Amino acid sequence: MIPPYLYVHIPFCKSICHYCDFPKIIHSPRWEREYVPCLLRELSSFSPEKGSFRTIYLGGGTPTSLGEEGTRLLLGSLRPFLREGGEFTVEANPESLDDARARLLFSLGANRLSLGAESFRPEFLKRMGRKHTPEDIRTAVRAAREAGFRNISLDLIYGLPGEGLPELKGDVERLLSLRPEHLSCYSLSVLPGTKFHLEGVSEQEDGSLREQYDWLRGRLGEEGYERYEVSSFSLPGYRSRHNLAYWMDEDYLGIGMGAAGCIGGRHYRNSLSLSRYLSGEGREWEEPPQEKDRLEYYFLTRLRLREGFPLQEFERKFGFPFLSRYGEKAKDLERKGLAVLEDGSFRASEEGLYLLDRVLLALF
């Protein structure tokens with residue numbers, strides 16, 4: 001049986017952002033015409049049935065870089081595989097979501113949009129290599145609402161070069177004025193292979209980031225957004241069901257160039273080469289993980305969630321009580337204010353979520 005969560009990777013972008021290290025390539029109509037049918041052939045190889053998936057997520061890259069024909073073919077083909085009441089998310093860039101595109105996506109079954117807003121300050125957008133303007137964000141949200149979308153997520157990046165708390169406050173107030181159901185808020189990470197890394201851009205010092213993070217968490221809480229995962233905030237009832245599958249350590253199916261998946265606890269990844277992917281080559285399966293790897297992955301995902309994990313679930317999954325091996329470490333983390341062990345569960349504290357690396361290193 002295939003997993004009930006489907007990720008579809010669209011690697012095409014009109015331009016490359018300076019911080020992005022995801023698998024991507026500049027859009028070409030010719031490659032799009034080859035790529036979409038190849039995606040559908042790959043999906044077919046798993047033999048899905050009608051209503052197979054609880055969630056479908058189109059990520060990238062930029063899914064809205066596809067032309068109308070490719071969009072109709074892909075979403076029209078995926079739609080029957082979504083269960084009734086399922087979540088169908090499409091990532092979009094603000095400049096590529098106009099009225100017509102929003103109506104098209106909604107008519108083809110998408111019911112959740114994830115918009116890469118990132119910032120409302122033109123100078124920061126330009127510095128990141130983004131091609132949209134602050135007005136494009138507002139226009140895209142309006143178009144989505146008028147098309148029928150009632151579940152919109154906006155991404156925000158903070159901790160950019162030259163950004164401090166006053167700039168972050170302005171960005172957040174503009175985001176809140178749009179009242180999205182979900183927010184994903186990330187501090188800037190400078191990753192190898194990105195333009196920022198090649199330019200020698202540095203991440204902000206922890207003291208400044210901590211000030212911004214604490215204010216952000218408090219301000220969003222005042223407006224009714226719960227922080228349910230390290231970087232994710234939602235109004236009640238609007239958590240990302242698809243991303244929760246990752247964080248709950250569930251199996252999931254991934255298709256497309258560079259996509260990853262997990263079936264029966266065994267992980268795989270597709271080739272990062274477009275030519276290899278189009279030729280049907282390049283799926284690499286990992287060997288079944290050893291217990292140590294499974295434990296580390298479980299902690300890495302489950303402890304990102306505010307609720308952590310139930311001790312009974314841990315014992316069912318691994319065959320021994322959590323406290324029998326990790327009791328002293330858990331109590332030490334609790335004494336340091338980084339974790340909470342209560343009501344039959346183990347979770348990171350608010351401080352521990354910010355310092356999650358310390359929690360994980362203590363357990364590993």
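Analyst: The model is a predicted one. In it, Phe12 and Tyr35 are both buried.

User: Why is the pair of Phe12 and Tyr35 called edge-to-face?

Analyst: The ring centres of Phe12 and Tyr35 are 5.2 Å apart and the planes stand at 75 degrees. Pairing requires centres within 6.5 Å, and planes over 60 degrees apart count as edge-to-face; therefore the pair of Phe12 and Tyr35 is edge-to-face.

User: What makes this pair a tie between parts of the chain?

Analyst: Phe12 belongs to strand S2 (residues 12–13) and Tyr35 to helix H1 (residues 29–44), so the pair ties together parts that are 23 residues apart in sequence.

User: How do you know that the pair of Tyr213 and Tyr354 is tilted?

Analyst: The centres lie 4.7 Å apart, with 45 degrees between the planes. Stacked pairs have planes under 30 degrees apart and edge-to-face pairs over 60, so the rest count as tilted. The pair of Tyr213 and Tyr354 is accordingly tilted. Tyr213 in helix H8 (residues 206–222) and Tyr354 in helix H14 (residues 350–354) are 141 residues apart, and both residues are buried.

User: What makes Arg325 a charge over the ring of Phe320?

Analyst: The charged end of Arg325 is 4.0 Å from the centre of the Phe320 ring. The distance criterion is CZ of Arg within 6 Å of the ring centre, and the direction must also lie within 35 degrees of the ring normal. Arg325 is listed as sitting over the ring of Phe320. Phe320 is also one of the members of an aromatic cluster that includes Tyr298, Phe314 and Tyr326.

Note on methods: Residues are numbered from 1 along each chain as its sequence is written. This is a predicted model: local features need pLDDT of at least 70, side-chain atom pairs count only at pLDDT 80 or more; totals for chains, interfaces and linings use all residues. Side-chain values use heavy atoms; hydrogens and water are left out. Rings of Phe, Tyr and Trp (its six-membered ring) pair if their centres lie within 6.5 Å; planes under 30 degrees apart count as stacked, over 60 as edge-to-face and the rest as tilted. Helices (H or I, at least four residues) and strands (E, at least two) are DSSP runs, numbered from the N terminus. Buried means under 20% relative accessible area, exposed over 50%, partly exposed in between (1.4 Å probe, protein chains only).
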